[in-house]
Amino acid sequence: MADGRRLILLGPPNSGKGTQAAILAERLGIPAISTGDMLRAARDAGSELGRKVAGIMATGELVDDDTMKEVVRERLARQDARGGYLLDGYPRTMRQVRDLEEILGNTDGIDCVLLIRVPDEELIRRALERGREDDQEEVVRQRLNVYEEKTEPLIGYYRKLGLLREVDGHRPIEEVTSQLMEALGAESQEGVAS
Ligand code: AP5
């Protein structure tokens, strides 16, 4: 498996992006960059960024695109991101797609977009079981609405670019990992063949 890849993990809230990002990052030897984790760390540390985003995160709405652009620009500039990375939770609006392209300096800076699909009832079941601050049922439903309205359009965009690979996330964790690794293998073989 080639490293040095720039990958995006896409999927609704509680689809397992964070779980799979940690496993794939380890296997591929690249950092998993989770904007959700970064914002929660800022919130818990009480930093200026954290104070700004805490209220928005608690409602299930998205932090504004300009703030996210600076957070991601700064993170991708760090040394450990030079050899590739796995983005978990960014981009999630079409504006963020354009911002990422601008940060990377071109439109073909991403190698593959992995979409994890899971039915809504299972997403809500997982949230209620996990019980994070933003996992109360009405907040989860709001996060799902936001995903449908603002993030789902990215699926068609990346599909048109030929970058999208879809996996069934309603399977045991290790089976989802296998599907993702397979999707990446298929992607790299196509890359070799073309
Ligand atoms: P973020 O942390 O990105 O939340 P999310 O997208 O809603 O994703 P989750 O962390 O809830 O779920 P996940 O898909 O990572 O699943 P996980 O592996 O944890 O963002 C939080 C908030 O920050 C946003 O609402 C927004 O306010 C803000 N934010 C972040 N990025 C932003 C951006 N780019 N722009 C604007 N705002 C932004 O798994 C979930 C649960 O399911 C766990 O308990 C896990 O153990 C379990 N599980 C995982 N896989 C399986 C499986 N296969 N079978 C059964 N259970 C499983």
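This is a predicted model: local features need pLDDT of at least 70, side-chain atom pairs count only at pLDDT 80 or more; totals for chains, interfaces and linings use all residues.
Local features here need pLDDT of at least 70, side-chain atom pairs count only at pLDDT 80 or more, and totals for chains, interfaces and linings use all residues. Residues are numbered from 1 along each chain as its sequence is written, and side-chain values use heavy atoms, with hydrogens and water left out.

User: Which residue of strand 3 is the bridge partner of Leu-7?
Analyst: Helices (H or I, at least four residues) and strands (E, at least two) are DSSP runs, numbered from the N terminus. Strand 1 (residues 6–10) runs parallel to strand 3 (residues 85–88), joined by four bridges; two strands pair if DSSP finds at least two bridges between them. The partner of Leu-7 in strand 3 is Leu-86.

User: Which residue of strand 3 does Ile-33 stand opposite?
Analyst: Strand 2 (residues 32–34) also pairs with strand 3, in the parallel sense, over three bridges. Opposite Ile-33 stands Leu-87.

User: Are the residues on the two faces of strand 3 buried or exposed?
Analyst: Buried means under 20% relative accessible area, exposed over 50%, and partly exposed in between (1.4 Å probe, protein chains only). One side carries Tyr-85 and Leu-87, the other Leu-86 and Asp-88. All four are buried.

User: Against which elements do the buried residues of helix 5 pack?
Analyst: Among the buried residues of helix 5 (residues 94–104) are Val-97, Leu-100 and Ile-103. Contact means heavy atoms within 4.5 Å. The buried residues pack against strand 1, helix 4, strand 3 and helix 8 (153–160).

Definitions and conventions: Axes are lines fitted to C-alpha atoms, for helices over the stretch in contact, and angles run from 0 to 180 degrees between N-to-C directions.
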